[in-house]
Amino acid sequence: MKRIKEVMIAAAFCGLVAAAREPVPSAAPMDSAAEAQKAALLQRVAQEDAEGRLRSRGFVYYIVPPVSNVMRTALAYPQDGTREGALQVVAAQGEFEPASLVLFAEQDVESVTVKTSDLADSHGHTIPARHVDAKIVKIWVQTGCAWYSYFSDSAGRTLVPELLLNDENLVKVDTTEMNNYLRTEKADGSSGYLLISSPIDYNIPVQGISERIFDAKELRPFTLKRGEFKQLWFTMEVPETAEAGLYHGTVSIIAPSGTATVPLQVNVLPFRLPKPMTNYDLSREFHVSTYNDNKLSKYLQCGMSQEDAEKRLLNQYISYRKHNLTAPMLAPYANVSESEKALCLRQLEIYREAGLDTDTLFDAVRGIPDYAYLDHPDRSKPIAEQNLPDQWEELTSGYFADIQRLLGKKPVIYCFGWDEPGMRLLRNQRAAWKYLHENGLKVCSTGHSEHLLHAGFNEDFVDYGGTYSAESARLWHAFGARISSYASPHTGPENPDFVRRTHGMDLYLADNDGTINYMAAGDQWNDFGGANYNYRSFNHVYPTTDGHVDTIEFEGFREAIDDVKYATLLRQLAKKAIETQKTDNVYKGKAALQWLIQVDSPSCDLNALRLEMIRYILELRGLE
Amino acid sequence: MNSISFIYRIIIAVVFSCVLGFAQEEARPAIDSEAIYQRLTELFRAKDYKEIQKYIVELKAQHQFAAEDALLLSLVESGIRAESDPSRLEASPKTDLAAETRNKVHFKTALLFMHSRDYKIADALGRTVPPLLPYYIIDVVSHSPIGVYGWLNSDIVKHADKRESRFMPYNQEAAAVLYTDVNANRSGMNVTGKADACQVSFFVSADPYGISIYVENRDDKVDEVLAGLQTGGSLEMYLQPGFDHVYYQWMANIYPSGTEVYDWSSPNEHFRSLKGRLTCESAPTPDGFGVYMFIPWDLFYDCLPTEESEWAFGVLPWTRDGGFTWGSGQVHDLHKFGRLKFRGLNSMLPNIKRMIVLKAWASFQKALPAIQSFWNDEIRGDQIFAKEVLAPYVETLQKEGEKVSAEMAAETVEELFRTMVPEWNEFRYRVDTLRTAFLKKQLFAE
């Protein structure tokens, strides 16, 4: 159950409340209510525990669906859980797939560790234990709208599961005052905790980009608290070379009071997942991009060495690839200088080194003329009579040539125009964009239906804000443009099912060409930025000095794109089946497509949907 | 004469003292606030409290201050003396400064203590008394009025105590950045306009069928709005059935009628969308426009209120003259919106549950044929699943449905509400859960 305390700090700090200002004592802790809940949970769990494990081992566990709408807080009984069951994973070769359990202790337990065994099938094939990653799901304090929304409701404070940590002490949570503290290190090696749940104007000196923040490299011993649940998150990385079949292993949860040996079963499917392609055209890619703040230049500006900055960026990019975020927006060359160009190209090299998609690049080349140019009266002249922005050629076509030299090929590059332009600014980009098109580049713009009155013909990709629909997609596709969505919702909501649906199947079945949301990684650890601004921190991940901390919503994002990959494979196989012209095969193929198009993507059970897709795929693969 | 002379001497002495005093004041140079604050910031970063105290003593001896600076120094001294224990903070000194200015000084002082990571002092210095939230007491009755004209002619609107019109102007700084919210459609609304008074008032009622909201918007340009020459404005609405639950947001046009619903979760077993469930109607009235909204109880069947419940309720009218809010909340500021409470709920609860049971049974029956047809289909479905898993489950649900009638006994209502309503309402999700387990069993069979 969520614990919420109304702390009216934010409003006061921003001068919104002209009330008498006297120091106000903190609200009383909700210990009595929490204690009553714990007692009720202890009684309930003990009643279910016929084997007496709670007493003999000191804790019990429940297997739970990792990606779901259920907010698993410390006092939330897992209604959807299986007591003392097995962790089960169904995954394709090369796929990452999550599993989860919650632990419940009768008394406080110190120093719990997790040990995973190798997995083996009945034919002697093995998957090493290192392919199973374990993390603690950290519950921390976020704003009142947390879990659901990217808006702030900054006067509310609520406990929400979000971070996936190796060391649960990276963040300390004061549940009485409802504050978060982040462990940071100074260059001299000393460390301390920073308050990271204060209003935005208090964010001094909390800057995730410049503070030295490190999570442990692997899961550290953790504690269990009496009468509370703690969630563990496992990510199975199935090797691309793994043989299909049923593998068995164990996950041991080792406490001083006893050990639980949790069976781990993995069904490795006999196929790899393809690149995600669109629903409306199997030859068109479903692009997976996002805004982000991962900039080599920024890391250097905040004092990191070149080596550390590059390592940080590389780790972040590798994590993106592993989460299916294969084409994050890059850092375009924006100000003419050899050093900046070198940094931009170096960033692109690191991007390539991380295995990200170099066939299609987003925001790798500048598409935004500066404001003075856009605002100039000459912009109302016919295009042919207009000059180009200063240094436009060098920043765009010149840099494009550098990129081609670096990559050894000619990628498709979408240059991003003025963000959320008014219609005047949109029109005033015409001459600059025409130059881009004449030089083999493409244009992407944040947009909405009004663009169809002022542009459209010169926008190759439009990123709709706050909404998406098959009807909008149909309009843009009719003249060859592509469409995606952002802010529907923005990043921020922790609910992994919501994130999975809105970046995956719902968008896919609305015939979108991908997802380009705002944004994967800002630099804020503080959620309490909302006052006049009224937004939460936009994050799928949180920055550390050597990479970032993953979250359950970013896991939801990975599953979103995996859903699209499964749907793509289903469609590819259905097409093949139909092409055999054997009536039974044609029926099977058409039935699969018919089922897919009738999926109620805004509200269906996505876990059931995944398994059903797998069933269709296995059936279609078996056709002759 | 002597007394006059005495008084005269006193006046002379006072004037002399004042002149001397002024001269002394003039002798103490003023220091600008920026310089003080900059120096204090440096010292707080170093957490050198002794040096800060010394600096303040020197400042006081050598300079004169503006009232704001004097308050800031006083708060700093108090904060340091408290030694990280907020309970030892002294009361804020009395000052003639405006409340808003005092708030800013507190804010700046708290910021200094953030620099020294003295968080508890910073937190305490930054707190203020929260504004009182407005409450609306909903009477739960047997029949609420229906539609704009039903409400217009009802007794409820004649009662001043049922009329809620305590709106505040929307925070102007916040309104100026509302354009960054690409989700909600406020186009055409004058969100940054500054009206003198809000012309909107509202009423809320509940009955066994649901919650009814009626909004009156006084408007002197009815004909222009009807013709489409002027915008009628809109109402941005929020409702959260307890802070543990997903909140609802929707936009209702004042005129012409129209709504947009914004979901902050995907529909699932624990959340039902307002889309398709919200009734909204608007119409011209003698004084402007009326907007009627109705939300059925089945949306909240798993989180029905009690008489102790407080539901956050946001009403943000965007009118031609500007924006307003009930409570002090900006968009999505659930904790600053007003609250709804329910009076007379207990006596009406059995009737509310009866309607929910009837609707849940109907919902199940409506969903059943398509699901049965699909799974029983030789080509499209899975007849083993249909026979071995689905059929026994459906049989149970149908059997319990035999107890349903409009005349059910109260005990039956209570039993079905508790045991069967979740099954009937969430039938499709229950089938998905069964299907997931069925497929997993196959996938993990040796």
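Chain A is assigned three domains: domain 1 covers 4–272, domain 2 covers 287–554, and domain 3 covers 571–621. Keep in mind that this is a predicted model.

Take domains 2 and 3 of chain A. Their C-alpha centres are 34 Å apart. Domain 2 puts 6 residues into the contact, and domain 3 puts in 5. Which elements of domain 2 give two or more residues to that side? Helix H13 (496–503) and helix H14 (505–509) of chain A. The residues touching domain 3 are 4 charged and 2 nonpolar, with no polar ones.

Stay in chain A, and go to one residue. A:Leu348 sits in helix H6, residues 338–353 of chain A. Buried or exposed? A:Leu348 has 23 C-beta neighbours inside 10 Å. The cut-off for buried is 20 or more, so A:Leu348 counts as buried. Who touches it? Set aside the neighbours within four places in sequence. Then A:Leu348 is in contact with A:Leu330, A:Ala364, A:Ile403 and A:Leu406. One more distance here. A:Leu361 is 13 residues from A:Leu348 in sequence, and their C-alpha atoms are 9.7 Å apart.

Over to chain B, and two helix pairs.

Pair one is helix H5, residues 99–115, with helix H6, residues 119–126, both of chain B. Their axes are 8 Å apart, and the packing angle is about 170 degrees. Anything over 145 counts as roughly antiparallel, so H5(B) is roughly antiparallel to H6(B). H5(B) brings B:His106, B:Phe107, B:Thr109, B:Ala110, B:Phe113 and B:Met114 to the contact. H6(B) answers with B:Ile121, B:Ala122, B:Leu125 and B:Gly126. By class, that contact has 7 nonpolar and 3 polar residues, and no charged ones.

Pair two is helix H10, residues 345–376, with helix H14, residues 427–443, again both of chain B. These axes come within 10 Å and cross at roughly 40 degrees. On H10(B), the contact residues are B:Phe364, B:Ala367 and B:Ile371. On H14(B), they are B:Phe427, B:Arg428 and B:Val431.

H5(B) with H6(B) has no charged residues.

Definitions and conventions: Residues are numbered from 1 along each chain as its sequence is written. Chains are lettered from A and ligands numbered from 1 in the order in which they are written. This is a predicted model: local features need pLDDT of at least 70, side-chain atom pairs count only at pLDDT 80 or more; totals for chains, interfaces and linings use all residues. Axes are lines fitted to C-alpha atoms, for helices over the stretch in contact, and angles run from 0 to 180 degrees between N-to-C directions. Helices (H or I, at least four residues) and strands (E, at least two) are DSSP runs, numbered from the N terminus. Two residues are in contact if their C-beta atoms, placed from the backbone, lie within 7 Å. A residue is buried if 20 or more other C-beta atoms lie within 10 Å of its own, exposed if 12 or fewer, and partly exposed in between; C-beta atoms are placed from the backbone. Domain bounds come from an automatic or database domain assignment. Ala, Val, Leu, Ile, Met, Phe, Trp, Tyr, Cys and Pro count as nonpolar, Asp, Glu, Lys and Arg as charged, and the others, Gly among them, as polar. Angles under 35 degrees count as roughly parallel, over 145 as roughly antiparallel, 65 to 115 as roughly perpendicular and the rest as oblique.
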